[in-house]
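Please look over the model shown here. The text below walks through a sheet, a chain-to-chain contact and a helix crossing.

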Amino acid sequence: MIDRVQFREIDWALIALLILNSLIGLALIYSASRLAPGNFFLRQALWLGISLIFLFLMLSIDYKLWMGISPYLMGLALAVLTALLVFGRGVSGAKSWLRLAFVGGQPSEPAKIAVLLLVALIFSDFRRTTITADIAALGGGAVLAPMLLVAAQPDLGTAMSFLPILFGAFVLAGMSRRTVAVILIGALLVGLVGWNVILKDYQKKRVLTLLNPNDDPRGSGYHVRQSRIAIGSGGLTGKGFLKGTQSQLRFLPARHTDFIFSVLGEEFGFLGVFFVLVSYFFFLARLFNSVPQSRDRAGMYINFMVACLLTFPVLVNTMMIIGLFPITGIPIPLLSYGGSSLLTTYLAVGLVLNVKMRRFVNV
Amino acid sequence: MRSSPIYDDVAPLARRARAVFFVVAGLFLILAFSYWKIQILDYGKFWAMSEANRTREIVLPAPRAALTDRSGQIILVNNIASFKASIIRENTRDFAASCARVGALLGLDPGVIEERVDKFRSEPLFKPIVVKDDLTLEEVARIEARKLDLPELVIETEPKRFYPYGTLGAHVLGYMQELTTDELRGAFKDRRLGDRIGRMGVENSLEKRIAGTDGKLVEIVDSLGRKRDELERVDPVQPPKVVLTLDYDLQAKADEFLAGREGAIVALDPKTGGILALASSPTYDPNKFVNRFTPEEWTTLAENPDNPMLNRAIQGLYSPGSMFKLVMAAAGLDTGTIVPQTTAYCPGSIMIYGRQFRCWFEAGHGTVNLYEAIRQSCNVYFYSLGRRMNIDTIARYATELGLGRKTGIDIPGEREGLVPDTEWKKRVMKEDWYPGETISVAIGQGALQVTPVQVAEMTATIANRGTRVRPHLVLDDETQAGIVRVPSAVLNEIIEGMWRSANEGGTGAAARVDGFDVCSKTGTVQTIGRETAERLGIKPKTHSWFTGFAPRNDPRIVVTVLVEFGGSGGATSAPVAGELFKIYKAKAAGS
């Protein structure tokens, strides 16, 4: 399955960046949750180990093989997501959690990997210069089906994070100006319908809050307000590890998940934020740079879609916690607490490593 | 898997990926600038907001100074610890539900709570609003046990004013009451909601001296308002006790005498002006003000027709009646209109200006000189003196002896009273003065109005042979003494008459104390005219006055008594004064 030549081609720098960012996340989770019950730090550490193992499992099997079985993986994902909707137990109103014997997890997270592989399979033999309607419909269907199931849970944040896969595929396939226009108009229509029909009141409120966070400081503006206070009061050098008053005194909501980056801002200041942004940027840059380092189109699609998949939540999360984007419940990969999310990120990076290490191999 | 073709141009794909990467890089740059803006440029603003979030300043109310009687030993007012439950509206989710729960916990009607909180709705949401004072320890325990369910309900401890003797000296001590929202917005901006200030008596006039300096406690709190740590603590400072001039025994006795009556008693030290006792009846219990009134209790007190809140000693306006004969005597002697030996014949009444003026003793006093006229309080003697005098001259002597103006006693609310003269008549009544009115004024009737404390001050001036003192309640008060423009020789003649009144079977005989040389003057004031009373066929109701001092040659105590509708001065007020003289003498002998 994996020979020595390929082993030598593993991108260790990418793995190093991956682990570096994971360890930063681990430290922040410790700071954010040490006073709360739940052992989040230990659980995240355990998940980190598990994810590393899965990363190597992922890269040891040729991505062509993964792509080959992706329709079955997709079928499984759809079945589980449907079952969740029907039988699932709600966690804070959303039926996104699957509870197995020992570990709980969000199946919607690893489902992204199945979707990504299936889309790569669909586009692997597409050689036109611009995307065609039929393949667009095929790829769109592959992404939207699980996405709608997730949105119905309802977990709008996770559902939205499926979109970068589609975005990646479409961009890479190439779009004429007309296609872009059609997509933009379509998106606008979907947005209008969504605002009036699909979005729940609390979700609308979050969007409105973005426009004026001080309107209702105890209501939906509270989260953004407290987050901005936390980050702003960190200043240049921060209040020190474990010394953030906003984080430690619990003014900051969802400290170990969605607002983990605010903890960073408060305790390590602008210098900390800048360092993590740079290290994250290097990590993402390495993913983007991996795109041409593939022996075929499928590999390029995989690498690019993974890069988009991981970039999107980073940008959205870091923008929403300072009020540049509505609060959507999108955690930041590697930094936020969450086993499924961590595992999915490792699987995705594993896929890129998989593609890269086999770029000289011709099967 | 199909194998790739030999030639497959993937360059466009790489180019597109690169373009997206540049957009991402641009977004990261914008992101870095956004964080720069918040963390570096707006740092100060957010730092202040985070500090405001995490710290809470709590005022530690200072206990007010204790007040003691003149011995410095008997504590008349002090503080006891009290627990009060307050609602913080900021911490409520559903206000009505909160009120219901708090009501159930404290045994209060939720409607009453809502009403009370509503009264202070203009205050900021984070300010605690007191819903129940004086919690029992059991109630405190019950609230503490449910602390986590009821974050809106907090317990505050504060020193509470306590008057151990209840009604004793209530009008002198005053009472404490919460500041109203208007006051909080106006003159008391620096005070807090629920703070009390002295409303009457010494509590009011000494507010600055006895209020104390509040301390503060700066705490670190979490998002639920739970205390995590203490940053700073400044302890409150209680000012040193203030020693009042009151004599506990005299005050207690004065209060006791007046119980069930309406009237006032003032006893003071003529040398200094220090008030030994000042009682007004009916009275009230200042402790009732500390604990919040129920609406019914308040209505009962406020609408009592006898007005217990009125301090009759300094606010009650009465005709001086025969008290005024002392002024007439001084005026007559000093102007040379009479000498002590000048006599008048009293057949029981006298015709002046075609009208008959009666003496209180219908059989008549016969021929009396000034001493006898004072001793027996003969009206006819003073009618004839009044006929020979000008009202403005009389008014000048009355004012000189302290009537018609404030004594300057150091508690608020004192009234001036009234000494009429021609100028006053013109200004107020738009009429000329009729000579007949002077005859009425000569025996203390007419428009004259005095307060008991004025009479006491006048008596002290006479006792001091012309040295005026300012009545006051704080022992270390620096009294400004003044010399009255009535020669001591004149006052000595008056004192001879007053001595006879008490010691030679005069109207003040009931105030006589063996070996204490009491000098006195009584008064019996008709509240309706004698003629009217006779027409209505009722016995005329009279206010009973007494004023006097002792001992004659070294005056140490002045006592003035007024009992509304108390009958004659000699029968009702004089014995009361006698008792007070006796107590004072006994105490002085004992110490």
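**A sheet, an interface and a crossing**

Strand 1 of chain B and strand 8 (residues 215–221) of chain B run antiparallel and are joined by 6 bridges. Strands here are DSSP runs of E, at least two residues, and helices are runs of H or I, at least four, numbered from the N terminus. Two strands pair if DSSP finds at least two bridges between them. This is a predicted model: local features need pLDDT of at least 70, side-chain atom pairs count only at pLDDT 80 or more, and totals for chains, interfaces and linings use all residues. Residues are numbered from 1 along each chain as its sequence is written, while chains are lettered from A and ligands numbered from 1 in the order in which they are written.

Within this pairing, B:Thr55 stands opposite B:Ile220 in strand 8 of chain B. The open sheet holds 3 strands of chain B in the order 1-8-9, with antiparallel pairing. Strand 1 (55–60) and strand 9 (227–234) of chain B are its edge strands, each pairing on one side only.

Now the interface. The contact (C-beta atoms, placed from the backbone, within 7 Å) takes 41 residues from chain A and 34 residues from chain B. Helix 1 of chain B gives the most to chain B's side, with 18 residues.

Last, a crossing in chain A. The axes of helix 9 (residues 163–173) and helix 15 (residues 297–320) of chain A come within 8 Å and cross at roughly 135 degrees. Axes are lines fitted to C-alpha atoms, for helices over the stretch in contact, and angles run from 0 to 180 degrees between N-to-C directions.

Terms used. Contact = placed C-beta atoms within 7 Å.
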